Amino acid sequence: MQVEARRSASNRDMAAAFPRYRQAVLGIRNYWYAAALSREVRDRPYKVRLLGEDIVLQRSGGTLHGLRDRCAHRGIPLSLGSSEYPGTISCRYHGFTYELSSGELVGVLSDRPDSRICGKPNVRVKTYPVEERAGIVWVYVGDEPPPPVEADIPPELLADDALVIARRRSQLGGNWRLAAEAGIDEGHARFLHRTSLWATFRAFPAWTQVRAQRSDDGWLSRVVEHIQWDDDHPRLGKWPKKAAWYRRRGFGAARLVGIRLPGIVRVNFAGWTSYEIYVPVDEDQRLEFLVALKSTRSRSSRLLFRMRYALLIHWFFYGGFHAQDNEMVQMMSIPPEALYGPDRSITVWRKMVQDDVRGVPVPMPSAGGGTSSPETT
Amino acid sequence: MQVEARRSASNRDMAAAFPRYRQAVLGIRNYWYAAALSREVRDRPYKVRLLGEDIVLQRSGGTLHGLRDRCAHRGIPLSLGSSEYPGTISCRYHGFTYELSSGELVGVLSDRPDSRICGKPNVRVKTYPVEERAGIVWVYVGDEPPPPVEADIPPELLADDALVIARRRSQLGGNWRLAAEAGIDEGHARFLHRTSLWATFRAFPAWTQVRAQRSDDGWLSRVVEHIQWDDDHPRLGKWPKKAAWYRRRGFGAARLVGIRLPGIVRVNFAGWTSYEIYVPVDEDQRLEFLVALKSTRSRSSRLLFRMRYALLIHWFFYGGFHAQDNEMVQMMSIPPEALYGPDRSITVWRKMVQDDVRGVPVPMPSAGGGTSSPETT
Amino acid sequence: MQVEARRSASNRDMAAAFPRYRQAVLGIRNYWYAAALSREVRDRPYKVRLLGEDIVLQRSGGTLHGLRDRCAHRGIPLSLGSSEYPGTISCRYHGFTYELSSGELVGVLSDRPDSRICGKPNVRVKTYPVEERAGIVWVYVGDEPPPPVEADIPPELLADDALVIARRRSQLGGNWRLAAEAGIDEGHARFLHRTSLWATFRAFPAWTQVRAQRSDDGWLSRVVEHIQWDDDHPRLGKWPKKAAWYRRRGFGAARLVGIRLPGIVRVNFAGWTSYEIYVPVDEDQRLEFLVALKSTRSRSSRLLFRMRYALLIHWFFYGGFHAQDNEMVQMMSIPPEALYGPDRSITVWRKMVQDDVRGVPVPMPSAGGGTSSPETT
């Protein structure tokens, strides 16, 4: 039931006002996407699915290649195959052998060398632009010529002083848009995450006054204008119910949250930054890359941060928060929805996808969908 | 395959002559339904699904409440939430807090106390009438004003001298109508249950002559007019194959079987009565409440019956018979069907649903279905 | 995803030129099919599904019978039932008792002997022609009068000197046509099976020149005209990469591969013959019978072959090759496909199904399908 409801959310009208966002069920094409950790892709085929497309990654002689994961002959995944000759991949079934760099069929290891099938137009396999940066393999999924990969990676991750610790989580349920919205969602942290272990060491305000702000470098940020640590609800009483004065130190400085296309959330903490990269696998599955950045050249600072990551950040921040968020993404069932004030950042993000996505505008579909009624403050 | 067949049985023409029965795939609306055992619903949310509707039950200050199990904000089940203030339930995601008695949004624990979302018409959550009787939580599912809950509970269960022992079984497959028909089905007991452990102590006749009888108090009963303990089938031989003279004592007095809306079967035994309450969860899932009633004020009789229940009735009667019945309900694949004489009680039950159900008559659907060919005696 | 793709392959246009082949999703009707090993069917009901039809097999007094596995009353599978009287089967639910030989309802063991339901036309259960040959139970599935079972069994399996060792494999995924094509597929053996354990003792050529040949006895065979043990691919290099001169002995004589309707593949080895019988269960499931034949009357030769079968053939040939083939059948995703020279035998097999199948020609369906582009040499 939840699954069905979620599917309908994927397909139908999340925001009738933003048809390009609504259509992006499988993700936004013409962007570079994090696909794997560099250390995961070795000299054998690595299978990944991005935006509904099956892709095989394969290293050969130090170069990384990406191909559509389907032999043109009879549709067997090439990722089941092997690399019999340098720079090639051979299908496991009949030995159809493709050049990794071009996708061209250069030989069939069960046929004569002058096999007539080689060179035919319908046996070339599609190739994908592939790059490695910051310990991550990036794959370009789209139909137009790709920009440099740097266009789609936050530049501080590429700086000389960057210490990047990345982690991949797969087999996550729910559409990528629900996950990205949960990433930029301002309100839930104050309630859902109040019960996390991380919250033992942190204060959570009752509410905040936030402004959404677009910056020139492509980020949509939430700027905190006022923090209210506790308050009284007329029909309920004091909230939070327990005073937490001793927890307040430092909170206001800790958080600046932003999101950029095609679905990267950044959270600034004192001394380090967290990135959450949401990658659509297909309509109802996602990858997530959790990236911690410490910008320093000092060897001792780097060592200390690695220890802090291993002991605290890995378990309490990514472990705790993200398990909670992912549970919500899987249980969410929209439309209909009834947005409230703090959801302003979600509405602005939807509009940003509508207005700013790369490539040719997608025409309005004729198939009718429902309507949502977002409340805007 | 069986599942597909069963679905088709749920959707299509079980009895073309009785369109309201045919339409009642999800159950009959505008009745009180057994939803949980009283002892199962405590001071935390209890999730239940009835007639295709997700409902959360929650006690607060001694009062039991029922709400639609869906936060109006982003569709998270309220049953994941918590009760932060008396008489309310707060959604786990953003702290949307609803008054249990009215479903009204009375505060959002991640927003300012004067949040503009409170009071909007689209954020009120539907409430369900809920009552407790005979150790069971009853929920009214319907669209018209509910009658008193006593209208839908056999009155002897509510009497002062009633000792009620109730049991809930969930995750049962098959449409509720197949289960209710199996409950009133006269013929199968004589063949299917002949192999049950219970049968070790009981005689089963070869056939009976039965009359279906409607009574003023809403019951449709099978009245036994003749019992034939054994007989000869011209093309087969003697049935039962083994004589069972020593088992016959008491049988004739033991059984009076009836059914009433919206799906309660009663079986009268010497000294106690069994009720089977069939509750639709959705098209292909059911709840079942098995209720044993002993009407006595004597403390020793009550104690004896509790022992008899624990040692015999629980295991041999409910355990054995119901496992057999539920297997049949899950394997049954109709239409088509070819009813025989003893199925007369099924046909009369279908007609009773058609004629007597509460509420506005449902118009005949235009979508055509198949036809069945019930044999009537 | 693979499953969806496979389903589409089952339904859509595998070979637009051959509509009768394309339509044979559930198999080819009006043939005898291997259904079970004789030793598997004993004196209790045996359930099998062939060409989408549920069938119950039952021995009675030495005679084997086949009935549609569905009681006419309420659709319970008769295979859950029992044989209460010789030559009959009784439904578990209400004791509807059918004559095995005719499918006629001869009594209802929960109703009076003169039950009016007996003799009605809609309660007769369909019977299936059933025969036993070569240790296998054969069932005729079709709409026209059956030919003798010998018409659909390779005659050498029925000869006096035949030692037949048969094995059944069930719960195999993928449409039967993909499996039959993998059986006759010439090219894959040289690449896929090169990595099998069996290959340790065998040589595999680089390529062969093969001719497809129809014979009068219904077999379509691949006749090897030239074997090339190794060769040079201009853009790749020498293949096979390692010399295998010591393996070559005997290979050329070992193989003659043929296929006949409705889906039996024969592979001739020196001294024995292997048969693979592909049986459609439904759109995406199959049975497979693996049959080894040794034609000899000598008791010592028979004993030696049994040992060879138990030690080598069973594990390395059937175990190894068929696990590989079945993996491919399950992963294959067509259309589209791009056939190459060695697929000539597949194309000829498709045409043979189109032209030669028994029974009334099936009209061209109006629903459009895709088009494939088979390369023919």
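Which residue of chain A forms a salt bridge with Glu99(B)? The partner is Arg235(A), and the closest N and O atoms of the pair are 3.9 Å apart. The model is a predicted one, and every value below is computed from it.

## Chain A against chain B

The contact between these two chains takes 45 residues from chain A and 37 residues from chain B. Together they bury about 3500 Å², with 54% of that area on carbon and sulfur atoms. On the chain A side, the residues that lose the most area to chain B are Phe191(A), Leu236(A) and Tyr340(A), which together give 21% of what that side buries.

Six salt bridges are found across the interface of chain A and chain B. There are also 17 residue pairs in polar contact between the two chains, both residues being at pLDDT 80 or more. Several elements of chain A each supply at least two residues to the side that touches chain B, among them helix H3 (176–184), helix H4 (187–191), helix H6 (299–331) and helix H7 (344–356).

## Chain A against chain C

Here 36 residues of chain A are in contact with 45 residues of chain C. The area buried between chain A and chain C is about 3500 Å², and carbon and sulfur atoms give 54% of it. Arg74(A), Arg92(A) and Tyr93(A) supply 23% of the area that chain A buries against chain C, more than any other three residues.

Between chain A and chain C the count is six salt bridges. One residue named above, Arg92(A), forms a salt bridge with Glu327(C), with 3.5 Å between the closest N and O atoms. Polar contacts between chain A and chain C number 16 residue pairs, both residues at pLDDT 80 or more. On the chain A side, strand S5 (88–90), strand S6 (96–99) and strand S7 (105–108) each supply at least two of the residues that touch chain C. That side has 14 nonpolar, ten polar and twelve charged residues.

## Relation of the chains

Chain A superposes on chain C by a rotation of 120 degrees with 0.1 Å of shift along the axis, at an RMSD of 0.1 Å. This is the relation of a three-fold axis. For chain A on chain B, the rotation is 120 degrees, the shift along the axis 0.0 Å and the RMSD 0.1 Å.

## Salt bridges

Over all chains, a search of the whole structure finds 84 salt bridges. Side chains of opposite charge can pair when their charged atoms come close. Selected pairs are listed here.

| Glu84(A) | Lys241(C) | 3.0 Å |

Glu84(A) and Lys241(C) form a salt bridge. This pair crosses between chains, from the loop between strand S4 (63–68) and S5 of chain A to the loop between strand S15 (237–239) and helix H5 (251–254) of chain C. Lys241(C) is partly exposed, with a relative accessible area of 42%.

Glu40(B) lies in the loop between strand S1 (31–37) and strand S2 (46–50), and Arg168(B) in strand S11 (residues 162–173), so the pair ties together parts of chain B that are 128 residues apart in sequence. Glu40(B) counts as partly exposed at 26% relative accessibility, and Arg168(B) counts as partly exposed at 26%.

Arg235(B) sits in the loop between strand S14 (231–233) and strand S15 (237–239) of chain B, and Glu104(C) in the loop between strand S6 (96–99) and S7 of chain C, so the pair joins two chains. Arg235(B) is partly exposed at 46% relative accessible area, and Glu104(C) is partly exposed at 22%. In chain A, salt bridges that share partners join Arg29(A), Glu53(A), Lys126(A) and Asp143(A) into one network.

## Val106(C)

Val106(C) is in strand S7 (residues 105–108) of chain C. Is Val106(C) buried or exposed? Val106(C) counts as buried because its relative accessibility is 8%, under the 20% cut-off.

Apart from neighbours within four places in sequence, the contacts of Val106(C) include Arg235(B) and Leu236(B) in chain B. Within chain C, Val106(C) is in contact with Thr88(C), Thr97(C), Tyr98(C), Glu99(C) and Cys118(C). Thr88(C) is 18 residues away from Val106(C) along the chain, and their C-alpha atoms are separated by 8.5 Å.

Technical notes:
Residues numbered from 1 in each chain as written. Chains lettered and ligands numbered in written order. Predicted model: local features only at pLDDT ≥ 70, side-chain atom pairs only at ≥ 80, totals over all residues. Heavy atoms only, no water. Contact = heavy atoms within 4.5 Å. Buried area = accessible area lost by both parts, 1.4 Å probe. Salt bridge = Lys/Arg side-chain N within 4 Å of Asp/Glu carboxyl O. Polar contact = N/O pair within 3.5 Å; in protein donor to acceptor, adjacent residues only side chain to side chain. Helix = DSSP H or I, 4+ residues; strand = E, 2+ residues; numbered from the N terminus. Nonpolar A, V, L, I, M, F, W, Y, C, P; charged D, E, K, R; others polar. Least-squares fit on C-alpha atoms with pLDDT ≥ 70 in both. Buried < 20%, exposed > 50% of the residue type's maximum accessible area, 1.4 Å probe, protein only.
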